[in-house]
Amino acid sequence: MRLNKPLLSVRDIVFVRDHETVLDKINFELQSGDVLQVQGANGSGKTTLLRILTTALRPTSGDILYSGQLVSQCRFNYLSRILFLGHQTGVKLSLSVAQNLAWMSGQNSAADRFAEALKVAALTDYARVACQKLSAGQQRRVALAQLLLSEADIWYLDEPYTALDKEGVEMVNKCMDLHRKRGGAVVLSTHQKVTMDSLRTFSLMSPVLGANG
Amino acid sequence: MGTPHAYGFWAYLLRDLSLANHRRGEVASPLVFLLMATTFIPLGIGPQSELLSSIAPGIIWVLALLTTLLSVEGLFSRDYHDGSLEQMLISPQILVMPVLGKVTAHWVVTGLPLTLFSPFLGLLLSLPSDGYLPLAVGLALGTGCLSLLASVGAALTVTLQQSALLLTLIVMPLYMPVIIFGSSVAQYGVDGLNWMEPLAALGAMLALMLALCPLAVAGILRLTTIN
């Protein structure tokens, strides 16, 4: 008998879009401290799965349980405990780095933690610069800097390494490791190899294979 | 649990106002259009003040309608394209609150300046001075209705690339009652009638739309972003 309920359990998620089965019977559990990499070819439904987990999409059938409770029954509680970072990061180009970060982190972080986050993301010198003057990778760092301020339990990161240099990738990995050690969990989708101990992987079948098999 | 719901309203209102402040040129262009159109109308139809003053309330209201339509296209689509709409949809709050915040911000940067300018527009179109107050009060309520209705159209067309025409087609029929009662507020004022009567009808419309439009927008946004 296990006393601790899994942080997240996903049961028999099926997602059908325009008569085409995108996700077929997805099952996995996420314990606190887990980092789960979702693998799969382009178009195998990685983003769709992440969007279902964030409740932005409703699965055709199947359940998502957060700490043993159906997500649909504790939606606000669940949503306040998760962080989602998609392909489009929500960075407003006309606002400065600091303004964007303040908005994304909920504006409740202490000033020293805020400054620390900017420093770790190598954005201190750009704090007052409008994001449209930054490079793609730097804009990505602005969004990723919110990981340093996040108090969410579960992070859903969709291709977090896109456009990042080596230091950026290391920063993301360090953030995930810290998050894991304080009891959080991460679900990320990426094609790149993730160098991290005790990484779990979950493979989505490519749509063609799925149809044949 | 979660954030207080009023927080979502104020947060999105202030955020959209600060974003509008960063693209002042774009925000000002519908208002400049309005001013230009008002300046050209007396040149086009001649400066006979009787003719002008009899059509002034109607013209100002039609221009207010067009100004709202011109400015509303990006209300949700800008957020859709940079990913912040998705964040809004999964934020732990009742979606109506941020929607209402965004629509209010839209009204503050279009409807409110239009209302404040309206006596000046009336002057350009030789509106009799009895009409100034009813025109401004009517526009204050009416532009609120226009922003709310336009937000429904903006939500329906949020995923489209070229949405201006479709948006106009969706919203125009809904605008009819607003423009009928709105322009009659000013007309009643000019004619020396009791302009409180059409104003009350306009106020009732605003109350109804304030209650229903954000709900509709929230539902529509959830549906249109499923793809």
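**Note on a two-chain predicted model**

1. D18(A) counts as exposed, because 6 C-beta neighbours lie inside 10 Å. The scale runs as follows: buried means 20 or more other C-beta atoms within 10 Å of a residue's own, exposed means 12 or fewer, and partly exposed is in between, with C-beta atoms placed from the backbone. D18(A) sits in the loop between β1 (8–17) and β2 (20–30) of chain A. Its phi is near 50°, a positive value in a residue other than glycine. Helices (H or I, at least four residues) and strands (E, at least two) are DSSP runs, numbered from the N terminus.

2. A word on the source. This is a predicted model, in which local features need pLDDT of at least 70 and side-chain atom pairs count only at pLDDT 80 or more, while totals for chains, interfaces and linings use all residues. Residues are numbered from 1 along each chain as its sequence is written, and chains are lettered from A and ligands numbered from 1 in the order in which they are written.

3. T55(A) also deserves a look. It is not a glycine, yet its phi is positive, about 70°. T55(A) lies in the loop between α1 (46–53) and β4 (61–66) of chain A. It counts as partly exposed because it has 18 C-beta neighbours inside 10 Å.

4. Now the contact between the chains. 18 residues of chain A are in contact with 16 residues of chain B; contact means C-beta atoms, placed from the backbone, within 7 Å. Helix α2 (residues 75–79) of chain A gives the largest share of chain A's side, 3 residues. That side has 8 nonpolar, 9 polar and 1 charged residues. Here Ala, Val, Leu, Ile, Met, Phe, Trp, Tyr, Cys and Pro are nonpolar, Asp, Glu, Lys and Arg are charged, and the others, Gly among them, are polar.

5. Turn to chain B and its helix α1 (residues 5–22). It has 18 residues and reaches 27 Å from first C-alpha to last, close to the 26 Å expected; the expected span is 1.5 Å times one less than the number of residues. G8(B), F9(B), Y12(B), L13(B), D16(B) and L19(B) are buried in α1(B). They share one side of α1(B) because they cover an arc of only 135° around the axis. That arc is taken from the directions from the helix axis to the C-beta atoms. The buried residues pack against α6 (96–109) of chain B. On the other side of α1(B), A6(B), L14(B) and N21(B) are exposed.

6. Which residues of α3(B) meet α8(B)? They are P57(B), I60(B), A64(B), L65(B), T68(B), L69(B) and V72(B). Their partners in α8(B) include L135(B), L139(B) and A150(B). The contact has 11 nonpolar, 4 polar and no charged residues. The axes of α3 (residues 49–72) and α8 (residues 132–156) of chain B come within 10 Å and cross at roughly 35°. Axes are lines fitted to C-alpha atoms, for helices over the stretch in contact, and angles run from 0 to 180 degrees between N-to-C directions.

7. Is A150(B) buried or exposed? It is buried, because 29 other C-beta atoms lie within 10 Å. Leaving out residues up to four places away in sequence, A150(B) touches T68(B), L69(B), V72(B) and V171(B).

8. Last, P92(B). It is found in the loop between α5 (84–89) and α6 of chain B. P92(B) and H5(B) are 87 residues apart in sequence, but 9.2 Å apart in space, C-alpha to C-alpha. P92(B) counts as partly exposed because it has 16 C-beta neighbours inside 10 Å.

Notes. Two residues are in contact if their C-beta atoms, placed from the backbone, lie within 7 Å.
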